[in-house]
Amino acid sequence: MSGTLSLSTPAVQEFWTERHLCTLTTLRQDGSPHVVPVGATVDPEAGLLRVIASGGSAKVRQVRAGAERVAICQVDGARWSTIEGRAVVRDDPESVAEAERRYAQRYRRPRPNPQRVVIEVRITRVLGSASLGATESSRAREPA
């Protein structure tokens with residue numbers, strides 16, 4: 001069973017701080033999905049998820065071209081969670097530094113990259129497995 005989750009749930013917050021790689025799905029101009037492995041950090045208080053990236057990467061180009069709806073998923077055995085939201089690319093030094101700091105806390109200090117930017121996702125929905133707190137009554141509905 002799976003369903004919607006709340007970022008305020010301790011199990012969900014803990015899962016998004018454990019060291020797991022994620023996948024980021026963006027959409028190409030033809031509508032096909034582009035899925036890549038990434039490191040992601042969640043800021044529940046701000047309602048944001050951040051991914052550091054090189055400014056010339058396909059994921060960054062797609063978001064800049066208007067593919068703002070994204071999904072980030074992580075899996076650990078039977079536990080999984082997907083965060084959906086609207087993405088923007090930030091390249092100002094303060095945003096990049098904050099994203100690097102959060103990345104270093106969850107994973108490791110990122111290698112230097114003068115082309116680094118941040119894909120900042122305003123979280124609109126969190127989905128996941130029952131083991132993270134999803135219940136039958138909050139089950140996600142698929143669009144028809």
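**Strand pairing within the fold**

Modeller: Of the 144 residues of the protein chain, 44% count as buried. The model is a predicted one, and its protein chain holds 3 helices and 8 strands. Read from the N terminus, these elements follow the order β-α-β-β-β-β-α-β-β-α-β. The radius of gyration is 15 Å, close to the 15 Å that the globule rule gives for 144 residues, so the chain is as compact as a globular protein of that length.

Strand S6, residues 69-76, pairs with strand S7, residues 79-90, in the antiparallel sense through 8 bridges. The two strands make a hairpin with 2 residues between them, and Gly77, in that turn, has a positive phi of about 60 degrees. Across this pairing, Arg69 stands opposite Arg86 in S7.

S7 also pairs with strand S8, residues 116-129; these strands run antiparallel and are joined by 10 bridges. Here Gly85 faces Ile123 of S8.

Contacts across the whole chain give the wider setting. Of those with a separation of 6 or more, 72% are between residues 24 or more positions apart. As for the surface, the accessible area comes to about 8000 Å², and carbon and sulfur atoms contribute 50% of that area. The chain carries 21 positive and 16 negative charges, whose mean positions lie 4 Å apart.

Note on methods:
Residues numbered from 1 in each chain as written. Predicted model: local features only at pLDDT ≥ 70, side-chain atom pairs only at ≥ 80, totals over all residues. Heavy atoms only, no water. Helix = DSSP H or I, 4+ residues; strand = E, 2+ residues; numbered from the N terminus. Rg over C-alpha atoms; globule rule 2.2 N^0.38 Å. Buried < 20%, exposed > 50% of the residue type's maximum accessible area, 1.4 Å probe, protein only. Contact = heavy atoms within 4.5 Å. Areas by Shrake-Rupley, 256 points an atom, 1.4 Å probe, with all protein chains shown as cover. Lys, Arg positive; Asp, Glu negative; His and termini not counted. Charge placed at Lys NZ, Arg CZ, Asp CG, Glu CD. Pairing = 2+ DSSP bridges.
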